[in-house]
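Hello,

Here is the structure I promised to pass on to you.

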Amino acid sequence: MDALIALIAAHEERLVRFALRRAAQVAASGPEGPAGPGVSAGTFGFAGAVDFAAAGLPETPLRRMVRALAQGFALGLARGGGAALALKRLLPDAHQGGGEGGPRLLALLGYCRAAWLDLVAEEGPERERAAWSSRVLEYFDGVEVALARAWAGPLRVPEPAGEAARPVLEPAGPSGNSPVATAAPAVAAAAPPVADPAAFGADGPPPAAAACRALVESLNDPVFLLDARGRVRTMNHAAAALLAHREPDPAPGTGGGSESGEAGTEAGTEAGTGDGDAADGARRAALARLLPWLARPLERFAASGESTERLLREMSDGAPACYQVHLARLSSGDDPAPEDARAPDGGCPPDTAGRDGGIVVLLNDISPLRLAQENALREKERAEHYLAIAGTVILAMDTAGRVTRINRAGCALLGRDQGEVLGRDWFDLAVPVDQRGWLRALFDQAAAGRGGEFLDRVVENDVLAASGERRVIAWTNSAILDEAGRVTGTLSSGMDVTEQRRLSDVLVEYRGVMENFADMVLVLDEGHVCRMANAACLRAFGRGRRNLVGLRAAEILGGLHDELRPLIVRALAGRTVQTALEWIAHDGALRHLQARVFPVRREAGEAPRAACILTDMTESKVLEQTLRRSEEKFRDIFETMQDGYILTDIAGGVLMANPGAATLLGYSLDELKTLNLSARVYVDPAQRDGLFERLRRDGRVRGFQAEFRRRDGSVMTADCNVRLVRNASGVPVAMENLFRDLTERKHLEDELTRLATTDSLTGVANRLHFLQGAGAALARARRYGGAVSVLMIDIDHFKRVNDTYGHQAGDEVLRVMAATAAATFRETDVFGRLGGEEFCALLIETGLAHALTVAERLRARIEALRVPFGEAEMRFTVSVGVTERRAEDAAIDDLVRRADAALYRAKGSGRNRVEAVTGPGTGPVGVVPEAGSGPQAE
C-alpha cells in the first residue's frame, strides 16, 4: 500500500482544506440549516469557520488532528504503531475524551474519512480502488477502536441524564459521502444506552461518557460491550441490526454462556422485529450464546489474549459475510487482571478493587475487502493462465536485466526449465555475444527512465537457445512503473519471426534473381493478363514502357502471342510444354527463342496462372554451328594425323582410337578396340607402373618415353603425353594417350651420342668425354674425401709399328691395347683415348700403392700379347705414369700433368716401365722394375 500512502501524503494540504471546509459548511448552516439538524460553530470550538478554512491553514488543533491522522496512516495504516501514534497526537486536542473535544474529534474523523475515500475514488488506480478504500476504512476503524479503549478506561459511574442530550455526528455511509449531523436524542431513542448504569459506582458517570457513546454509535461496524462474564452490557445500532438477522439459536446446552436458563429466557425475547427489540432482548445475554460463531474467539481471547481473528460466516439469509474480530479488555486499572483471577466462563475477572472488568468486541465487516481480494486473486490466476498458454514470449526483467517472469512459450524457445531462467541475467543467458552490447545499451537507457528506442519501436534480435540454435524474435517492450512513477523493470512480448525473416530473405533473393535473370519471364493469369514481368522481359518487349503488369499478352508479345497461345492454355490446364520459336526483334534481327510454359502453383481456390520463360538461343545457335564446323575439322585431323590417339578406361580397355594409333601398333581399329593397352602394349611393366604413379599424382604426364610392343613383336619407342580424365565429381574414369613413334629418331640420337662421346677407332671414351667423366669423379672425391689415382699410358715405339706394318697394323694395335686396358680396369673407373697412342685412366677409390699394382698388371698383360696381322705376329709394350690426388688439386688437368710427367720419366728410363710421382718435386718417388721383375696380374 505504499502507493496509497504516497497519494495521501502528496494531497495532505488538499485533505486538510476539504475537512475544514466541510466542517465550516456544517457549522455555518446552523441547527436549522440545509443539512438538517446540525451542530453549531461552538461545538467545534471556533467562530467563523468559513473564514478560518480560507485563511491559509494556520496551526490550529483541527489542523494538527488532520496532520496526525495522515502521519499515523503513513506509519502503518493501523498496523502496529500507526493508530497508536495518531491517538497520541489526537487525545491532547480532544481533552482526553472530555468536554467538547470528543464530539469535535468524532465529527472531524467522519469528514477525513469522506475526504480520503473521495481522493481514492478520484485518483486511485481503477483496479486498486476497492482495496485502497478498504484500507482507509480499516484505518479509521482502528483509530476509533483505539479511542474507545482510551476513553472507556475511566468509566466507573453511570452517566448523567443530561449527557444523553448532547448532539453527536453519525459516520459516513458506505458511499463515502460526508457525515450528516443528527441530534443525540434521536440516537438514544434507537439504541440501548452506551453503558449500563449498573456498571458504574455511586459517584456518577465521568464527563467522557457522552464521548464514548458518540464514538460507539459513530461506527458502522457492530460493537458489543461485555461484562466480565461475557454477557452483553450494551451495543451500538450496527450490533443490534446484526442480532436482528442472526442465525437461529443453537440447541440447549451449547453456546458460550454459563447461565443456560437465563439464556433460554432471553432467547424468547429476541423475536422482535426492529433493531431496538433485538437489542432489548439481547441485553444481559451471553454473546457466545447469541452468536455461537464468536464462542471460539472469546475462548482464545480469555486463554491467550489473542485479540484479532478473521471469521467467514454465512448469515441466515444466505448472504456471505467475513468479519475481522477485534477484542479489547476493559479493566478498572491499567494493569491486566492476574492469571488466577480469570472467570471460569471465559470472561474478564473482577479488577483488583473488586469491580468487574469488561470486553469490547468490534466486528469489522471486511466482506468487500475479501471480495476484492478474491476478485484480484481470480484475475491474477486468469492472467497467469493467459500468460502460460500464450503463443508469444512474455518476459519481465528488473532494471539490472535479471528475469523476474517468463511464460511457457519463453521456456520452450530457450529449451530450459523456468527454474533455470528466473533470476538469471537475460543478456548473458540468451543473447548472442555479437548482439549483446547494443541491446544492453538500449535496455539500460529504458531502465534509467529515458525510454529511447527500446520502448519506442519494435526491437529485433537473435535469441540463443540451450541447443545453440538462434531464433529471431521481434520484441514489443514497455516499462513497469511503481506507484511513484519510477521504472522498476520492463515487460516484453516477443514474437518468433525467424521463418518470416527467412522467407523475406528468400523473397528478396528471388526478386534479385528474377531482376538479374537473363531469360525473359512472364506470368499470366487465366485471362492472359500479365501479373509479373522481369527486367529482361521489359527490355525485350517494353518498347518504352516502365511496367508490363496489367497488359494483355497480345499487347506485350505481338505476333509471338499467336504461337504461344496454345502453350499458355495447356499450362493453365496444368501441363508443362516447350518449343523453339523464331522472332523478329525490334531492331529487325532474327532471334531464336526457346519457350517453356508451365503452371504456377497456387493456394487452394485461387485462380490458376501460367509462367512463360523465353530463352534467347541465338548466340547458342551460332556457337553450335561454329562447334559443328570445328568438330568436322577436328574429325578430319583426328582421322588423318600420323600420331596415335587412344582413350582407355582406368583398367586399360580401349574406348576410342584413331587410325594413326592402329597403324603405329600394327593392328586394325577393330582389333585395337578389343585390346587391353596396359597388359599387351607396354614392354616393361615397371615402366608402365611408373607412368601410372605419376599420372595419379599429377593428373598429367608430358614427354614420357615408353617402349611399346607392336603386333609383330618389334619394339617401338613412343613419346607419350598422357592425361587423366575425371567425371563431374572429380573421380578418375579414363586416360587419354597421344603418342608418336620415336624409334628411328632414338636410334639416330643414340648414334650421335656415341659419335660425340667415344673414340671411333677404339670404342673407348674420347678425350672430351674422358675429361668430363674424370672431372665429375674428381669433384665427388674432393667432396667426400675419397682417394683417386690417374694412369697415363703410352705405346712404346708406336711409330715403328706404323712404319714396319703400315697404318692398318697400327690401328689394330690401338684397338687391342684399348680392349686389354678396358678389361683390366673396373666398370666404375674412367678410361679414354686422349689422342694418338696416348690413353688415360682414372681409378675410383684407389690410392697410389694399389694404382701402381694395377699399372704393373696392365704393363705385363700388354707385354705378353701377340697381335697377328696377316702372316706376321706383332708385339708391343707400354710405359705408364702414375699419380694420386693431392689436396691442392683443383681440376683433372692437374693430375693429368703429373701423370704425364711420370710417363715421360718412364720412357726416359728405358720404356716398358711404370713410374710414379707423389711429391711436389719433379723427380720420381718410386720406380717399378722392368717387366718380369715386378708384380704380375692375378
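Below are my notes on what turned up in this structure.

This is a predicted model, in which local features need pLDDT of at least 70 and side-chain atom pairs count only at pLDDT 80 or more, while totals for chains, interfaces and linings use all residues. Residues are numbered from 1 along each chain as its sequence is written, and side-chain values use heavy atoms, with hydrogens and water left out.

Let me start with the nonpolar cores (sets of buried Ala, Val, Leu, Ile, Met, Phe, Trp, Tyr and Cys residues joined through side-chain atoms within 4.5 Å). The largest of them has 32 residues, and Leu791, Ile793, Met817, Phe825 and Val882 have the most contacts inside it. Several elements each supply at least two residues of this core, among them strand S23 (788-795), helix H32 (798-805) and helix H34 (848-863). Helix H33 gives the most, with seven residues. Helices (H or I, at least four residues) and strands (E, at least two) are DSSP runs, numbered from the N terminus. Leaving out residues up to four places away in sequence, Met817 is in contact (heavy atoms within 4.5 Å) with Ile793, Ile795, Phe839, Ile862, Phe876 and Val878. There is also a second, separate core of 29 residues, including Leu551 and Trp583.

For reference, buried means under 20% relative accessible area, exposed over 50%, and partly exposed in between (1.4 Å probe, protein chains only). A polar atom of the Thr820 side chain lies 2.8 Å from the backbone oxygen of Val816. Beyond its neighbours within four places in sequence, Thr820 is in contact with Leu858, Arg861, Ile862 and Leu865.

Next, the charged pairs. Side chains of opposite charge can pair when their charged atoms come close. The structure holds 35 salt bridges, each being a side-chain nitrogen of Lys or Arg within 4 Å of a carboxyl oxygen of Asp or Glu. Which residues does Arg471 pair with? One partner is Asp496, at 3.1 Å from N to O. That pair links strand S11 (residues 470-481), which holds Arg471, to strand S12 (residues 487-496), which holds Asp496, 25 residues apart. The other partner named here is Glu499, where the closest N and O atoms are 3.9 Å apart. Glu499 lies in helix H21 (residues 498-516) and Arg471 in strand S11, so this pair ties together parts that are 28 residues apart in sequence. Arg471 is buried, at a relative accessible area of 15%, whereas Asp496 is partly exposed at 32% and Glu499 is partly exposed at 41%.

Another salt bridge joins Asp829 and Arg826 at 3.0 Å, N to O. Asp829 is buried at 11% relative accessibility, while Arg826 is partly exposed at 41%. Elsewhere, Asp425, Asp428, Arg436 and Arg440 form one network of salt bridges that share partners.

Arg596 is partly exposed, with 38% relative accessibility. Its C-alpha atom is separated by 4.2 Å from that of Gln578, 18 residues apart along the chain. Not counting residues up to four places away, Arg596 touches Thr576, Val577, Gln578, Ala611, Cys612 and Ile613.

Best wishes

Technical notes:
A polar contact is a pair of N or O atoms within 3.5 Å; within protein, one must be able to donate a hydrogen and the other to accept it, and residues adjacent in sequence count only if both atoms are side-chain atoms.
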